[in-house]
Amino acid sequence: MRRVVISGMGIWSCIGTSIEQVKESLYQGKSGIGLEPERLQYGFQSPLTGIVPRPSLKGVIDRHLRRGLSEEAEYAFMAASQALEMAGMDGDYLDRNEIGCIFGNDSSAKPVIEAERIMQEKHDTELLGQSFIFQAMNSTVNMNLSTIFRLKGVNFTVSAACASGSHAIGLAYLLIRDGLQDVILCGGAQETNQYSMASFDALGAFSKRISEPEKASRPFDSSRDGLVPSGGAAALVLEEYDHALARGATILSEVVGYGFSSNGTPVISQPSPEGCERAMRRALADAGIDPGEVDYVNAHATGTRQGDSCEAQALGAIFGGTRAKISSTKSMTGHECWMAGASEVVYSLIMMQHNFVAPNINFGQPDEFSSGLNIATQTIEMPVNTVLSNSFGFGGTNSTLIIKKIA
C-alpha cells in the first residue's frame, strides 16, 4: 500500500481567511462567533452564528463561471486556491496532470429557495436562467471546482451530514493508497445563510446564550446549552508520497489512518458512545498505533448535551490515562457542519506545524463524563506529532482521521 501525504491546505472560516490568520486565532483562543439579528426577524430561536466573510470574486473568476457558484462553492474556491498554491500546483500543472476532486457537502438551500420565490411570483421557468441548477445540487462544490481548475481525475461529492468533510479526506486517502489516483483535492464546504440553518434551529439544538456570543459555544462544559452554527470551507491536497518527493513538494503531514462506523441506533439524531469508539479504534488499527502514541485529539464535540456526553464516554474508554491532550476547536469556530471534518484537520495541521495545542475555550466546569478527560483549557506549547480528529453526524455516520508528522 502506498503512503499518502498532505502537500497543501487552505481555509476560509470565521476565525480567519488565511492560514496565518487562523493560526493566530487558534493560538490566542479567539472566537469567531457573533450575532445575526436578521435570523430573529426570520423566525429563528437563536441569532448566534459564525461570522464568515463572503469573498469578492469579481475579476477573479470569469463571470459565466461565477454565476454557477453557490455560497459554499465560493468559500471552497478560496480554500482550494490556497491549497493548490501551497502545493505548488499552478494552472499549467493542473492542465498537464490528472488531479481528482472529492468534497463534503450536504446541502445547498439558498438557491433552491430563491428559485422557488421566482417561480411563485413569475410562474415561468425561463426566468430562472441557467445558474440555479449548478448552485442548488449537493455536488455544486465539486462540479464548480472541477470546471474552474479543469481537473481530470475522480470527481464526486460526499454527503454524510457533519462527517462529510472527514469522509471526503478518508476516501481520497483510500483511493491514493490503493493506487487509483496520485493527487486529490479534497475537503468540505458549508453555506452559512439563514435559509440553510432554519430547519436545524427548529430542533432546538442551538445555543441561546445570546448575551455572550463568544462564550456561547461550550463543548464538554457542564453549562453547555447547544451548538452554534457556522461554516466556510477547507481544502487539502492529498498526494502519494513518492509523487510528492519527485516533484519537490513540501510535505506537511502524512495521513496514516481512517476509521468509520454507523451507530445503528433507532433514532436518526441519536449519538452513540459505541459508534464513536468503533470509528476511533478502526482508525487506530488502520494507522497501526496505540492510543498512547496520540499527542492530540481534535474532538467532534459541538456543545450539545447528549452528543458531547457520548463522545466523552468513548474518548474516556480509549484515551483515559494517556497523555493525549483533547480540545474541540468548535469552541472558537462553532459547528462548521459539512466542512468541519476538513477544517479541523487544517486546524490540527497548523498546531502540528507550530508546536501547540489550541484551547477548548469556555470550558469551566466538566460534567460527569468530561471530568476524566485531559482537556486543554488554555494554549499548550508542545510538540504535536500525531493527531486524531473525530467527526460524527446525523444518521449515525462516524469518521475518524489520523495524521502524523513526517520526521
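This is a predicted model: local features need pLDDT of at least 70, side-chain atom pairs count only at pLDDT 80 or more; totals for chains, interfaces and linings use all residues.
Reader: On the β1 side, which residue of β7 is the bridge partner of M9?
Author: β1 pairs with β7 in the antiparallel sense, over eight bridges. Within that pairing, the β7 residue that partners M9 is L236.

Reader: Are the two faces of β7 covered or open?
Author: Good one to check by eye. In a regular strand, side chains alternate between the two faces of the sheet. On one side of β7 sit G232, A234, L236, L238 and E240, and on the other A233, A235, V237 and E239, all of them buried. Nine of the nine residues of β7 are buried, so the strand is largely enclosed by the rest of the structure. Both faces, then, are covered.

Reader: Which strands stand at the edges of the ten-stranded sheet?
Author: The sheet is open, with mixed pairing and the order β5-β4-β6-β7-β1-β8-β14-β13-β9-β10. A strand with a single partner has one side left without a neighbour in the sheet, and this applies to β5 (155–158) and β10 (325–327). The edge strands are β5 and β10.

Reader: Which residue in β8 stands opposite I6?
Author: Strand β1 covers residues 4–12 and strand β8 covers residues 253–262, and they pair in the antiparallel sense over three bridges. The β8 residue opposite I6 is S253.

Reader: What angle does helix α4 make with β1?
Author: Helix α4 (residues 71–87) packs on the sheet and touches β1, β4 (100–104), β6 (183–190) and β7 (232–240). Its direction, taken against that of β1, makes an angle of about 135°.

Reader: And which strands does helix α8 lie across?
Author: This helix spans residues 140–148 and runs at about 150° to β4. The strands it lies across are β4, β5 and β6.

Reader: Which element gives the most to the lining of the second largest pocket?
Author: That pocket holds about 200 Å³ of space. Its lining is made of H64, L65, R67, G68, Q130, S131, F134, M143, N144 and T147. The elements that give two or more residues are α3 (63–66) and α8. With three residues, the one that gives the most is α8.

Reader: What about the largest pocket: which element gives the most to its lining?
Author: The largest pocket has a volume of about 520 Å³. Of its 31 lining residues, the closest to the centre are S269, P271, T304, G307 and F394. Two elements give two or more residues, namely α13 (305–319) and β13 (386–393). The top contributor, with five residues, is α13.

Reader: How many charged residues does the lining of the largest pocket have?
Author: Sorted by class, this lining includes eleven nonpolar and 16 polar residues. The number of charged residues is four.

Reader: Finally, is S164 buried or exposed?
Author: S164 is found in helix α9 (residues 164–177). Leaving out residues up to four places away in sequence, S164 touches G104, N105, D106, V158, S159 and W338. Its relative accessibility is 0%, and the cut-off for this class is under 20%. S164 therefore counts as buried.

Conventions
Residues are numbered from 1 along each chain as its sequence is written. Side-chain values use heavy atoms; hydrogens and water are left out. Two strands pair if DSSP finds at least two bridges between them. Helices (H or I, at least four residues) and strands (E, at least two) are DSSP runs, numbered from the N terminus. Contact means heavy atoms within 4.5 Å. Axes are lines fitted to C-alpha atoms, for helices over the stretch in contact, and angles run from 0 to 180 degrees between N-to-C directions. On a 1 Å grid over the protein atoms alone, a cavity is a set of points where a 1.4 Å probe fits but cannot get out, and a pocket is an open set with protein on both sides within 12 Å along at least five of seven lines; lining residues have an atom within 4 Å of a point. Grid points are joined across faces, edges and corners, and a volume is the space filled by probe spheres set on the points. Ala, Val, Leu, Ile, Met, Phe, Trp, Tyr, Cys and Pro count as nonpolar, Asp, Glu, Lys and Arg as charged, and the others, Gly among them, as polar. Buried means under 20% relative accessible area, exposed over 50%, partly exposed in between (1.4 Å probe, protein chains only).
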